[in-house]
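This briefing goes through one protein structure by topic. Look over the sequence and the model first, then read the points below.

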Amino acid sequence: MRVILDTNVLLAALISPHGPPDTIYRAWRAARFELVTSRAQLDELRRVSRYPKLRAILPAHRVGTIVSNMLRAVVLDALRPLPTGIEVDDPDDAFLLAMTIDGGADWLVTGDRRAGLLQRASAGRARIVTPATFCAEAL
């Protein structure tokens, strides 16, 4: 099973060691599924973790550890543009859908209820779900 974790899920796993995002991250580390990421996502993770509000609660070494761990996942170097007809409400999330399609993912897990990804419900063959739903249905 191939899974894309939205950057907000990865950050939530770092912020709170209890809850579905952390459960998902630990399941990946235990090889219960194959994580797919991209250079674009790794760059985003590094960038947003430097925001002042996150820097105050996320030590740099913890972010460095998760980025290093993610380098052991399936890392897509370049993402193709989204196919015609696939649009996103938030252009910053286009790379997540591209990763989902290019990476042949079965699941896209996101906690962002405002960006329109959850309302989409699927991309390619992947279901788009919350961390709680993924834990209940896939782990």
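Predicted model: local features only at pLDDT ≥ 70, side-chain atom pairs only at ≥ 80, totals over all residues.

In what order do the six strands form the open sheet? The order is β3-β2-β1-β4-β6-β5, and the pairing is mixed.

- β1 (residues 2–5) pairs with β2 (residues 34–38) in the parallel sense, over two bridges.
- Within that pairing, R2 stands opposite E34 in β2.
- Helix α3, made of residues 39–48, packs on the sheet and touches β1, β2 and β3.
- The direction of α3 makes about 80° with the direction of β2.
- β1 also pairs with β4 (residues 107–109), in the parallel sense and over three bridges.
- I4 has L108 in β4 as its bridge partner.

**The largest pocket**

- How much space lies in the largest pocket? The space is about 440 Å³.
- The largest pocket is lined by 17 residues, and the closest to its centre are D6, N8, E44, V48 and D112.
- Three helices each supply at least two residues of the lining: α1 (7–15), α3 and α4 (52–55).
- By residue class, the lining has 10 charged, three polar and four nonpolar residues.

**Aromatic pairs**

- The structure holds three aromatic pairs.
- One of them joins Y25 and W28, and this pair is tilted.
- What are the distance and the angle for Y25 and W28? Their rings lie 5.9 Å apart, centre to centre, with 50° between the planes.
- Y25 and W28 both belong to helix α2, which covers residues 20–29.
- Because Y25 and W28 are three residues apart in this helix, about one helical turn separates them.

Key:
Residues numbered from 1 in each chain as written. Heavy atoms only, no water. Pairing = 2+ DSSP bridges. Helix = DSSP H or I, 4+ residues; strand = E, 2+ residues; numbered from the N terminus. Contact = heavy atoms within 4.5 Å. Axes fitted to C-alpha atoms, helices over the stretch in contact; angles between N-to-C directions. 1 Å grid on protein atoms, 1.4 Å probe; cavity = no way out; pocket = protein on both sides within 12 Å on 5 of 7 lines; lining within 4 Å. Points joined across faces, edges and corners; volume = space filled by probe spheres on them. Nonpolar A, V, L, I, M, F, W, Y, C, P; charged D, E, K, R; others polar. Phe/Tyr/Trp six-rings, centres within 6.5 Å; stacked < 30°, edge-to-face > 60°.
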